[in-house]
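User: Hi! Could you walk me through this model?
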Amino acid sequence: MPETKSAKVRSRLKHPIIDADGHWLEVQPVFMDYLAEVAGAKLVDRYRDTLKKAVGYNWYTVDPAIRDRSRMRRQGWWGFPTNVMDRAACIVPAVFRERLDDWGVDLALVYPTLGFMLLDVMKDSELRPVVMRAYNVMAADMFRPFADRMIPAGVIPMTTPQEALEHLEHAHSLGIKLVMMNGNVRRPLEIDADWQPDPTRRRYYIDAFGVDSPYDYDPVWRKCVDLKLAVTFHTGTQGWADRCSPSNYVLNHLGHFAHSHQVTARTLFMGGVTERFPTLKFGFMEGGSGWATTLYSDILGHWKKRNLPFMRRHTNPELLNLKRLRRVMEKHTKGNQRFEGKLDSIIEANLDIFVPDVSQAELARRDMDSDDFSRTNIRSEADVRRLYAKNFFFGCEADDPMTTVAFNDKLGLRLKTLLGSDIGHFDVVDATKVIEEAWEMVEHGFISKFNFREFTFGNAVALHGGMHPGFFKGTVVEAAAERELARAAASTPETGHR
């Protein structure tokens, strides 16, 4: 068989290539065997019934008018490769390992497909824990013989901190060193209990574990630090209120990972998580880096104009000179019937467009100590970079042109991108072309060879090896990863940009 173009690209490089986000396709009969061993046959039947209800099998049998009225979300279809060898590789780990050289990949970090869905649909509080335990047993067991070239991800449900802690300990006991968490949880609004006894039928809000969460997730972040585990999120938003098209899957799918990650990243940042846990690294997988660049710019812009010292100097309502304002308004509204007789009311209590009948003094008094950035420790733009860019990593697919933005030095920020092949899913019809496609960014002059090295190797080492120096031990990239970590330790401390 002739050498693939991706393999040729790899052969010319002086560094390994790490696929930081490929996928395997877990087949149900195999998983159900593991579930039976962990939980018993009765729970397998319950799992099967739960799955059928959750994934929308009945979309095809429901009247279209009912779909529209209920906003029954259109599911994806024809979502997996039909290339025989790629399909076999994603199902059978032995074939996956055999194909890596043709794909131009030295080491693959292999994320779930079924496991990704289970984190979203397993609402049953009795069934969910055993399903997740069984999944992690399966992942550890099936990939153990191929640990030199493949590292599987375990799944960690984040429904409550206690549940996450239990699964982190269990996954660690299995030897799992790569974990995938859901980046947010849809929780029912408690106030709706007054009229709706069924929690699944109440309105919901999104809890992303930072600001305003009903739970304290700091013990989870602390446990990840103790176990030397990077936190990686692989969570979508399909089914959210703005992603419930009953007729169009692509409409529901467009940007849904980026949407979810943006919520999680800004909540963690504004909640001070990166401040309290400065060594903990977070990976946001498969959403690209375009959203991350925009969010960074937006945070920085808001901090510049809405940090407390600035607002006290410039937007404190008591700074407004009411006497002078009255003189100006009187001069320029004389004879205007719309203003005639209203100036007293406007000046005394109606200068705030959104809050009628409240004086400037009262507006100042009630929010004198309000500070949206109180959970962070930001004194300069450099602090924003430190808290945002240092420990956030962003998974990008090979064909995503927005990846190049992350390397644009003119923006003053260098985001840490990770190559995620997405092998196993509908957008990779030929896995031998992934590295070839990524290399085109270099060929077209969009990024440098050094940028490509960061994208396909250095940043993956920083994310996982930065948490656990032994992460790559026993793999084919062990020596190269050790050199990379030593080089990083000897260089100038990271500030999030170069």
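Analyst: Happy to; we can go from the whole chain to some local details.

User: Great. What should I know before we start?

Analyst: This is a predicted model, where local features need pLDDT of at least 70 and side-chain atom pairs count only at pLDDT 80 or more, while totals for chains, interfaces and linings use all residues. Residues are numbered from 1 along each chain as its sequence is written, and side-chain values use heavy atoms, with hydrogens and water left out.

User: Thanks! How many helices and strands are there in the protein chain?

Analyst: The protein chain has 22 helices and 11 strands. Helices (H or I, at least four residues) and strands (E, at least two) are DSSP runs, numbered from the N terminus.

User: And what is the radius of gyration?

Analyst: It is 26 Å, close to the 23 Å that the globule rule gives for 498 residues, so the chain is as compact as a globular protein of that length. The radius is taken over C-alpha atoms, and the rule is 2.2 Å times the number of residues to the power 0.38. Along the principal axes, the C-alpha atoms fill a box of roughly 90 × 55 × 40 Å.

User: What share of the residues is buried?

Analyst: Buried residues make up 50% of the 498. Buried means under 20% relative accessible area, exposed over 50%, and partly exposed in between (1.4 Å probe, protein chains only). As for contacts (heavy atoms within 4.5 Å), residues 24 or more positions apart account for 73% of those with a separation of 6 or more.

User: Let's zoom in. Which residues of α10 are buried?

Analyst: In α10 (218–227), the buried residues are Asp218, Val220, Trp221, Lys223, Cys224 and Leu227. Their cover includes α9 (161–173), β5 (179–181), β8 (231–233), α12 (256–270), α13 (273–276) and β9 (282–284). After α10 comes Lys228, with a positive phi near 60 degrees.

User: Is Phe209 buried or exposed? And Asp212, buried or exposed?

Analyst: Phe209 counts as buried, at 3% relative accessibility, whereas Asp212 is exposed, with a relative accessible area of 65%.

User: You mentioned α12. What is His256 in contact with?

Analyst: His256 is found in α12 and counts as buried at 4% relative accessibility. Leaving aside neighbours within four places in sequence, His256 is in contact with Thr235, Gly236, Thr237, Gln238 and Arg243.

User: Switching topic: at what angle do α20 and α21 pack?

Analyst: Helix α20 (residues 434–443) and helix α21 (residues 449–465) pack at about 150 degrees, with their axes 9 Å apart. Axes are lines fitted to C-alpha atoms, for helices over the stretch in contact, and angles run from 0 to 180 degrees between N-to-C directions. That makes α20 roughly antiparallel to α21, a label used for angles over 145 degrees, with under 35 being roughly parallel, 65 to 115 roughly perpendicular and the rest oblique.

User: Nice. Which residues make the contact?

Analyst: From α20 there are Ala438, Trp439, Met441 and Val442, and from α21 Lys449, Phe452 and Phe455.
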